[in-house]
Amino acid sequence: MTKLPIRKDLVGRSPYGAPQLDVPTRLNTNENPFGPSPELVAELAKAVSELGSKLNRYPDRDAIELRADLAAYLNAESQVNLTASNIWTANGSNEVMQQLLQLFGGPDKSLVAFSPTYSMYEDYCRNTFTNYLSVSRNEDFTIDKKVIDIALDLTPDIIVLTSPNNPTGTIIENSEIDYLLEKFSGVLIIDEAYAEFRPAESPSALVKRSGHPNLVVVRTMSKAFSYAGARVGYIAANPEVIDAIQLVRLPYHLSTVTQAVARVALRFSHELQSQVNLLRQERDELAIWLVNQGFDVAPSGANFLLFGTFGDRNLVWEQLVEQGVLIRQTGPDGWLRVSIGTPEENLAFKTALLHVTNRTNGK
Ligand SMILES: *Cc1c(COP(=O)(O)O)cnc(C)c1O
C-alpha cells in the first residue's frame, strides 16, 4: 500500500526505540546488568506452573494482591505508609504514564517537562492529544526556582519532573519539590524510575504525598529491580486518582502471569540492595575515570552516566559498536549515555572508549 490513511499527526513520525543490537556489551537501556538469582528463577517457575491451569480465566482486573505487595515494598523502601488503595500498576511505567495522560490530559490540556529529559513524555502527549511544552534546565542540568517559575508561567495542567532524570542522572532537590508543591495546584507527576539508585540523603517524593493529593509518584520494576522483561510499572497516589484511572484502563490489562511473577520478585527484594550498592560504586568509579580522561560527566544519582562532549558523537557511538560495546546516543548534542554494567562490562566499555578516542590512560 502506498499511503495508509493514518492520523495526520502520525505521518512521517518514527517509533520510539533504542537500537537492539546483538553485541557482547549492552549498556544502552539502563537495565540492571544482573539477572534474577537462581532461587528467584526457581520460584518463578513454580508460580507459573501453579497458575497454568487457570489461564482460561481472565486475570484479577484490579491486581489487588500485587498492589498490596507494591505498597509494602514502598513502605519499607521509602519509610511511608501506603496501602493497595494508593497503588496502581500496569505493563511498565510507560503504560501507567499513558493512562495518567488519558485521564488528566487531552486536547484542552498542557504538560510541561524539563529538557533534556525522557523523550517518551512527548509521545504520551501525542498519543493523548495533550499539548507538550518543555522548559530548559540550567546548563548543569539542574532545576531551580527560576526554571520552575518559567514552567509555572506557561500555566500547565500537568508538570512532570524526573528524578533522577534520564538521560542526565540529575537529582531534584527537596526544596525544589517543596516549591512546586506550594506554587502548583495541577497534577504533579514525579517519575522515579531510578529512585532506588538515589543518594541516601535524598528522600523519595513519596514522603511528601500526604497533604498533597495532586502528587503522583511513578515507579518501575524495570531498572533496579532487574525485571525490565516482565513489564511492571506502578504509581503511588491519592486513592481518588487510582479510582479515576479505572475509567481509562483497558479491562484485564495486566496478565495473570505478569501479576504472579511480579509478586514473586517482590518477595526477593532483599536481594536488590547489594546489587544497587555495587552499581552505585561502579558508577562513581566510572565517573571519576571519565573525568580523569578529560571528559565532562554530569553528576548522576542513577545507574547511568551522561558524558561528552564529542564533535561527532555518532562516529564515537558507531566505533564503540564495532568494539562490541553498545551505548546510547541521547541528550544534548555531543553527549553520550552509558548504563552501568557489571565490573567486567564497565571495563570493556573503558577499554573500547580508550581505543576509539585514542586516549592514553593518563600514562
Ligand atoms: C526506563 C524509564 C522508565 C521505565 O519504563 P518502563 O515502562 O517501566 O520500563 C520510566 N521513566 C524513565 C525516565 C525511564 O528512564
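1. Starting with glutamine 329: this residue sits in the loop that links β11 to β12 (336-339). Its relative accessible area is 29%, so it counts as partly exposed, a label for values between the 20% limit for buried and the 50% limit for exposed. Serine 115 is 214 residues away from glutamine 329 along the chain, and their C-alpha atoms are 15 Å apart. Keep in mind throughout that this is a predicted model.

2. Staying with β11, take a look at valine 325. The strand covers residues 325-326, and valine 325 is part of it. Valine 325 has a relative accessible area of 1%, so it is buried. Here the sequence and the fold tell separate stories: valine 23 is 302 residues from valine 325 in sequence, yet the C-alpha to C-alpha distance is 6.5 Å.

3. Now the ligand. Which residues come nearest to it? Of the 14 residues around the ligand, these are Ser93, Tyr194, Thr220, Ser222 and Lys223. Sorted by class, the shell holds seven polar, four nonpolar and three charged residues. Helix α3 (residues 92-104) supplies the largest share of that shell, with three residues.

4. Serine 93 uses a backbone N or O atom, placed 2.7 Å from a ligand oxygen. Serine 222 puts a polar side-chain atom 2.6 Å from an oxygen atom of the ligand. For aspartate 191, a side-chain N or O atom lies 2.8 Å from a nitrogen atom of the ligand. The ligand would expose 390 Å² if taken alone, and the protein buries 93% of that.

5. Where does the ligand sit among the pockets? The space it takes is the largest pocket.

6. Lysine 223 is in the loop between β7 and β8 (233-236). Is this lysine buried or exposed? Its relative accessibility is 14%, so lysine 223 counts as buried, given that the cut-off is under 20%. Asparagine 30 lies 193 residues from lysine 223 in sequence, with 6.5 Å between the two C-alpha atoms.

7. Threonine 89 belongs to strand β2 (residues 87-90). With 1% relative accessibility, threonine 89 is counted as buried.

8. One runs from serine 163 to proline 164, with omega near -10°; proline 164 is in the loop between β5 (158-162) and α6 (174-183). The other goes from asparagine 166 to proline 167, and its omega is near 15°. Proline 167 also has its place between β5 and α6.

9. Positive phi values next. Alanine 63 is not a glycine, but its phi is positive at about 45°. This alanine lies in the loop between α1 (38-51) and α2 (64-78), and with a relative accessibility of 1% alanine 63 counts as buried. Phenylalanine 141 is another non-glycine with a positive phi, near 75°. The loop between β4 (131-136) and α5 (145-153) holds phenylalanine 141. Its relative accessible area is 8%, so phenylalanine 141 is buried too.

10. Last, alanine 200, found in the loop between β6 (187-191) and β7 (215-220). Why does alanine 200 count as exposed? Its relative accessible area is 79%, and the label applies because that value is over 50%. Glycine 301 is 101 residues from alanine 200 in sequence, while the C-alpha to C-alpha distance between them is 10.0 Å.

Conventions: Residues numbered from 1 in each chain as written. Predicted model: local features only at pLDDT ≥ 70, side-chain atom pairs only at ≥ 80, totals over all residues. Heavy atoms only, no water. Near = heavy atom within 4 Å. Polar contact = N/O pair within 3.5 Å; in protein donor to acceptor, adjacent residues only side chain to side chain. Areas by Shrake-Rupley, 256 points an atom, 1.4 Å probe, with all protein chains shown as cover. 1 Å grid on protein atoms, 1.4 Å probe; cavity = no way out; pocket = protein on both sides within 12 Å on 5 of 7 lines; lining within 4 Å. Sits in = over half its atoms within 2 Å of the grid points. Helix = DSSP H or I, 4+ residues; strand = E, 2+ residues; numbered from the N terminus. Nonpolar A, V, L, I, M, F, W, Y, C, P; charged D, E, K, R; others polar. Buried < 20%, exposed > 50% of the residue type's maximum accessible area, 1.4 Å probe, protein only.
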